[in-house]
Amino acid sequence: MHVFFDLDGTLTNPKEGIAACIRHALTALAAPIPADADLNQWIGPPLQESFLAVLQCPDRAAQAVTLYRDRFATIGLFENQVYDGIVEMLSGVSTVADRLWVTTSKPQIFAEKIVQHFQLAPFFAKVYGSELDGTRANKADLLAYVLHREGIEPAEVVMVGDRYHDILGAQKNGIPAIGVMWGFGSAMELQEAGATLLCQTPGDLPNILRTLHSRG
């Protein structure tokens, strides 16, 4: 069994850095800044889509992404923290799964730095993310790419993530998905997207995966 992990909202809580970079970009463009509670919905989906929904102009959305990344690349990616229990969870999952992978819509260059910085890299075979031009920002496209690149069959994989696009991306590739409840998606969001199971705490995940694995 292979386990694909989302990054933001699943392994780490990136809200501080993401929110600060969104505010930085929108302030520079003299655009309205969403309320703090609304910024939770920006964590997970592709950044270009979120800026486009606010700015209603592809060119301005592209400008906003550039401004966001200018700050994120040097400051924002480290304004982040690993959720409590994640290291222990990954250690437990490593005894159940053949290999663990990070599969995130975040640009791969940033995701790799975050995983290295927070000393999570030893748990993972590889970190996969999108390109800076938006290629593979869609989770379904990303997962299809990883399956093809690594020669993995969908039946051998479980996806673990906290937002609907993790679940939908897995479904489109024939992969069962576990929705986690410590991130930014609600139980309703994950269930409506078609999550196979919900996981309440990081400590629950190894046993959930053992149960799925034993079912074959």
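A salt bridge here is a side-chain nitrogen of Lys or Arg within 4 Å of a carboxyl oxygen of Asp or Glu. This is a predicted model, in which local features need pLDDT of at least 70 and side-chain atom pairs count only at pLDDT 80 or more, while totals for chains, interfaces and linings use all residues. Residues are numbered from 1 along each chain as its sequence is written, and side-chain values use heavy atoms, with hydrogens and water left out.

**View 1. Lys139 and Asp166 form a salt bridge.** The closest N and O atoms are 2.3 Å apart. Lys139 sits in helix α6 and Asp166 in helix α7, so the pair ties together parts 27 residues apart in sequence. Helices (H or I, at least four residues) and strands (E, at least two) are DSSP runs, numbered from the N terminus.

**View 2. Helix α7 spans residues 164-172.** Here His165, Asp166, Ile167, Gly169 and Ala170 are buried. Among the elements covering them are β4 (99-107), α6 (139-150) and α8 (187-193). After α7 comes Gly174, with a positive phi near 70°.

**View 3. Thr103 belongs to strand β4.** Thr103 counts as buried because its relative accessibility is 0%. Leaving aside residues up to four places away in sequence, Thr103 touches Phe4, Phe5, Asp6, Tyr128, Lys139, Leu142, Leu143, Val146 and Met159; contact means heavy atoms within 4.5 Å.

**View 4. Lys106 meets Asp8 in a salt bridge.** Their side chains come to 3.0 Å, N to O. Lys106 lies in strand β4 and Asp8 in the loop between β1 (2-5) and β2 (12-13), so this pair joins parts 98 residues apart in sequence. Lys106 is buried at 8% relative accessibility, and Asp8 is buried at 7%.

**View 5. Asp36 pairs with Arg23 in a salt bridge.** The closest N and O atoms are 2.9 Å apart. Asp36 is in the loop between α1 (15-28) and α2, and Arg23 is in helix α1. Asp36 is partly exposed, with a relative accessible area of 42%, and Arg23 is partly exposed as well, at 31%.

Definitions and conventions
Buried < 20%, exposed > 50% of the residue type's maximum accessible area, 1.4 Å probe, protein only.
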